[in-house]
Amino acid sequence: MRWRGERQSDNVEDRRGISISRGAKAGGIGGLGLVALVVIGMYLGVDPTVLLQIAQNVQSPSVSTEQSALPVANDDMRNFVAVVLAETEDVWNDTFQKVGRTYQEPKLVLFSGAVESACGIAGSAVGPFYCPADHKVYLDLVFFEELHSRFGASGDFAQAYVIAHEVGHHVQTLLGITEKVTELQSRSSTSSRNKLSVKVELQADCLAGMWANQAEKKRRILEAGDIEEGLNAAAAVGDDRIQKKTQGYVVPDGFTHGSSAQRVSWFKRGLEQGNIQACNTFAEE
């Protein structure tokens with residue numbers, strides 16, 4: 001992916017080196033307890049963002065932070081993240097402007113170990129996530145190492161796909177999709193909630209593909225092998241592959257993000273068609 005020397009976003013908030021103290025709490029659940037709950041949920045096929053939302057409206061007065069070794073301000077990976085975020089800003093600002101709307105750029109928070117968000121306290125094991133309550137994407141760069149070592153997905157465009165997917169959730173929030181789905185899930189069965197969650201995640205995959213399509217048209221960001229990297233990353237985080245790796249068997253009723261085939265299919269659709277209309281996962285069974 002061509003990114004060196006390009007514009008970097010000013011919306012990167014670097015909290016690496018700032019750790020959550022052991023006594024931190026999220027509501028009535030200890031910070032580490034919430035992280036453990038999320039990890040267990042991931043292994044059982046439960047959407048971690050749903051668990052994070054448990055603490056969405058709860059104050060955490062006892063949270064404190066500890067300053068440790070500060071990260072290098074302009075390290076290579078931070079620069080890469082800032083460029084990718086800037087690319088998403090360019091595409092979505094233009095897309096929203098064309099329909100007479102203003103795109104509210106999200107913040108991207110880099111953290112190490114654990115982080116406090118408006119959706120609760122989360123650890124690195126949760127993986128990258130978007131919190132609709134504060135319009136921020138949270139990312140521990142260790143995840144990219146795990147994406148490579150544990151799931152076999154490597155390359156800068158695979159990493160860019162991850163960021164674009166989370167920004168896709170921000171777009172869903174701005175468009176009112178997140179709120180509508182949350183309302184529907186509040187009065188649905190577990191099976192129906194999971195199906196709705198899958199539609200949300202697949203749409204974010206499609207929006208990530210749309211971003212790549214538009215960014216390529218604007219600035220020719222793609223290099224040889226990039227599309228394969230993105231498709232491999234989408235497949236690597238499919239529910240069936242994760243369940244097989246973590247528990248040894250697949251439970252389709254427990255899917256919350258979609259199978260590898262579904263995630264690849266919707267990412268490709270966005271990549272090939274390059275428009276929001278192509279990403280209506282809710283119109284298909």
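Which residues in α6 meet which residues in α7? In this predicted model, I177, V181, L184 and Q185 of α6 meet R193, L196, S197, V200 and Q203 of α7.

## The protein as a whole

The protein contains 10 helices and 10 strands. Of its 285 residues, 51% are buried. Among contacts between residues at least 6 apart in sequence, 76% join residues at least 24 apart.

## Helices α6 and α7

Two packed helices are described by the angle between their axes and the distance between the axes. Helix α6 covers residues 177-185 and helix α7 covers residues 190-219; the two pack at an angle of about 165°, and their axes are 9 Å apart. Angles over 145 degrees count as roughly antiparallel, so α6 is roughly antiparallel to α7. The crossing of this pair is left-handed. Sorted by class, the contact of α6 with α7 has 5 nonpolar, 3 polar and 1 charged residues.

T178 has its place in helix α6. From C-alpha to C-alpha, T178 and V200 are 7.9 Å apart in space, while 22 residues separate them in sequence. When residues up to four places away in sequence are not counted, T178 touches P132, H169, Q172 and T173.

## Helices α3 and α5

Helix α3 (residues 76-98) and helix α5 (residues 156-174) have axes that come within 10 Å and cross at roughly 40°. The helices α3 and α5 are therefore oblique to each other. In this crossing, which is right-handed, α3 passes α5.

On the α3 side, the residues in contact are M77, F80, V81, V84, L85, T88, W92 and F96. On the α5 side, they are D156, Q159, A160, I163, V167, V171 and L174. By class, this contact has 12 nonpolar, 2 polar and 1 charged residues.

Helix α5 has 19 residues, and the distance from its first C-alpha to its last is 27 Å, close to the 27 Å expected at 1.5 Å a residue. This helix is mostly covered, as 18 of its 19 residues are buried. After α5 comes G176, which has a positive phi, near 85°.

Helix α5 also takes part in covering another helix, α8. In α8, residues 226-236, the buried residues are D226, G230, L231, A233, A234, A235 and A236. The elements that cover them include α5, α9 (239-247) and α10 (260-273).

## Two loop residues with positive phi

Most residues other than glycine have a negative phi. H135 is not a glycine, yet its phi is positive, about 60°. H135 is found in the loop between β9 (129-131) and β10 (136-139). Is H135 buried or exposed, or partly exposed? Its relative accessibility is 24%, so H135 counts as partly exposed.

R220, likewise a residue other than glycine, has a positive phi near 55°. R220 is found in the loop between α7 and α8. Because exposed means over 50% relative accessible area, R220, with a value of 52%, is exposed.

Technical notes: Residues are numbered from 1 along each chain as its sequence is written. This is a predicted model: local features need pLDDT of at least 70, side-chain atom pairs count only at pLDDT 80 or more; totals for chains, interfaces and linings use all residues. Side-chain values use heavy atoms; hydrogens and water are left out. Axes are lines fitted to C-alpha atoms, for helices over the stretch in contact, and angles run from 0 to 180 degrees between N-to-C directions. Helices (H or I, at least four residues) and strands (E, at least two) are DSSP runs, numbered from the N terminus. Angles under 35 degrees count as roughly parallel, over 145 as roughly antiparallel, 65 to 115 as roughly perpendicular and the rest as oblique. A crossing is left-handed if the near helix is turned anticlockwise from the far one by less than a right angle, and right-handed if clockwise. Contact means heavy atoms within 4.5 Å. Ala, Val, Leu, Ile, Met, Phe, Trp, Tyr, Cys and Pro count as nonpolar, Asp, Glu, Lys and Arg as charged, and the others, Gly among them, as polar. The expected span of a helix is 1.5 Å times one less than its number of residues. Buried means under 20% relative accessible area, exposed over 50%, partly exposed in between (1.4 Å probe, protein chains only).
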